[in-house]
Amino acid sequence: MAEESKLPGVGKLAPKFSLPASNGEVINLEDFKGKQMVVLYFYPKADTPGCTKQACGFRDGMAEFDKAKVIVLGVSPDPVKKVKNFVGKFSLNFPLLADEDHAICERYGVWQKKSMYGVKYWGAMRTTFIIAKDGKIVHIFEKVKPVGHEKEVMDWIKANG
């Protein structure tokens, strides 16, 4: 039986967080309130094929996000060292956040039971939240496909932002 999704709803305030980032800083969602729209994407594991394709897509499309004054943040349940290495290895131009105890994944409802080759385990579901300047969630992309996701997000922002 599938786990019921507990994602916060569109129109709700995005759960606050304060997480260590790949750039050595601690990033707080509150820092962007009133200033910038935030693309907050959750991915399962740094430096794996799908997550690399997704991160490099955002990297390659960053000029458009910068032009639109949109901050992109990636979150995974990896330790800080792993996200730092991932950023360095692929020259990512946006911060990745380390949610090692998966508390933020849980608050956003993306920490779910998964299954691969018959083995059941808990992990982060590939999900993206668009958070408006007022701190409210304005869109959620679920069951994200890594390739081309940055374009899908930017197309939504252009149409609705």
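Is Y108 buried or exposed? At a relative accessibility of 0%, Y108 counts as buried, where buried means under 20% relative accessible area, exposed over 50% and partly exposed in between, with a 1.4 Å probe on protein chains only.

## Ground rules

This is a predicted model, so local features need pLDDT of at least 70 and side-chain atom pairs count only at pLDDT 80 or more, while totals for chains, interfaces and linings use all residues. Residues are numbered from 1 along each chain as its sequence is written, and side-chain values use heavy atoms, leaving out hydrogens and water.

## Aromatic pairs

Searching the whole structure gives 11 aromatic pairs. Rings of Phe, Tyr and Trp (its six-membered ring) pair if their centres lie within 6.5 Å; planes under 30 degrees apart are stacked, over 60 edge-to-face, and the rest tilted. F42 and Y108 have ring centres 5.2 Å apart and planes at 45°, so this pair is tilted. The two sit 66 residues apart, with F42 in strand 3 and Y108 in the loop between helix 4 (103-107) and strand 6 (111-116). F42 is also buried, at 0% relative accessible area.

For F86 and F90, the centres are 5.6 Å apart and the planes at 80°, so that pair is edge-to-face. Both residues, F86 and F90, are buried. They also belong to a cluster linked by ring pairs, together with Y41, Y43, F58, F65 and F94.

## Helix 1

Helices (H or I, at least four residues) and strands (E, at least two) are DSSP runs, numbered from the N terminus. The buried residues of helix 1 include G50, C51 and F58.
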